[in-house]
Amino acid sequence: MTKIQVLFSTALAGFFLVSCSSTPIYTDGTSGQVKQGQALTLGLDREDFENAADLMIQSMLRDPAFASIAPGQRKVIAIGRILNDTPQRIDTDKLISKITIALRKSGKFVLTTAVAAGGARDSMSHDVRSLRDNEEFNQGTIAKKGTLVAPDFSLAGKIRQDNVKLPNGKIQAEYFFHLSVTDLTSGLAYWEDEQTINKTGSKKSVTW
């Protein structure tokens, strides 16, 4: 092997070593930093939302407060405030949509879009009622008063992020997904859960 080939091989090996070392990894969040596989980024990606949502859904549907709901007795649930307490621009609908779709498919819940924190998710339920007394519309086709269904429960939560600088100079990004379901009649929290995601990587892999 020529001197040039040796230098090239050494540089190539160094490149791959640096590349691999800068790849973020999932850890168990303990001081032992037990590896749990590679991550795409130190930020939150679609897989993170899907995994967190799946665990939350299973936890909620197994809870005694909801496990006994019969399919024909579906409860109405509204979306409360979902706070993004991270420096990232996160579309919290990614998490909530996956959860509400699964809850509806379970046959135990139905989502209302007429009531939500910050305003209706779909304003049309209210918009069509503004057509009352409008002579251009057949009033027999306009929704009557007292037909909207109030929610039984609300789903609210927060996504929080903590960044910890490790002794080796890397960063551990700790994400906390917290959700709760409140009975709107009593104001009592019938269910809550928290899932954590821990990622470790170099500053170069930071995307926020």
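Modeller: The buried residues of helix α4 pack against α2 (46-62), β3 (75-85), β4 (109-116), β5 (153-165) and β6 (171-183). Contact here means heavy atoms within 4.5 Å, and buried means under 20% relative accessible area, with exposed over 50% and partly exposed in between (1.4 Å probe, protein chains only). Helices (H or I, at least four residues) and strands (E, at least two) are DSSP runs, numbered from the N terminus.

The model is a predicted one, in which local features need pLDDT of at least 70 and side-chain atom pairs count only at pLDDT 80 or more, whereas totals for chains, interfaces and linings use all residues. Residues are numbered from 1 along each chain as its sequence is written, and side-chain values use heavy atoms, with hydrogens and water left out.

Helix α4 comprises 13 residues, 93-105, and should span 18 Å at 1.5 Å a residue; its end C-alpha atoms are 18 Å apart, in agreement. The expected span is 1.5 Å times one less than the number of residues. Its buried residues are Leu95, Ile96, Ile99, Thr100 and Leu103. Because these cover an arc of only 115° around the axis, they lie on the same side of α4; the arc is that of the directions from the helix axis to the C-beta atoms. On the face turned away from this buried side are the exposed residues Lys94 and Lys105. Just after the helix, Gly107 adopts a positive phi of about 80°.

Among the partners of α4 is α2, whose 17 residues should span 24 Å, a value matched by end C-alpha atoms 24 Å apart. In α2, the buried residues are Asp48, Phe49, Ala52, Ala53, Met56, Ile57, Ser59 and Met60. They too are on the same side of their helix, because their arc around the axis is only 165°. The N-terminal end of α2 is capped by Asp45, a side-chain oxygen of which lies 3.0 Å from the backbone nitrogen of Glu47. Such a polar contact is a pair of N or O atoms within 3.5 Å; within protein, one must be able to donate a hydrogen and the other to accept it, and residues adjacent in sequence count only if both atoms are side-chain atoms.

Strand β4, another partner of α4, contains Thr112, which is buried at a relative accessible area of 8%. The Thr112 side chain reaches the backbone nitrogen of Ala114 at 3.2 Å. Not counting residues up to four places away in sequence, Thr112 touches Val76, Ile77, Ala78, Val149 and Pro151.

The loop between β3 and α4 holds Thr86, also buried, with a relative accessible area of 12%. The side chain of Thr86 makes a polar contact of 2.7 Å with that of Asn84, and one of its polar atoms lies 3.1 Å from the backbone nitrogen of Gln88. Leaving aside neighbours within four places in sequence, Thr86 is in contact with Ile159, Arg160 and Gln161.

As to confidence, pLDDT is the predictor's confidence in each residue, from 0 to 100. The protein averages 84, and 83% of the residues score at least 70. Over residues 5-20, however, pLDDT stays under 50, and the model has two contacts there beyond four places in sequence. Where pLDDT is low, the predicted coordinates should not be read in detail.
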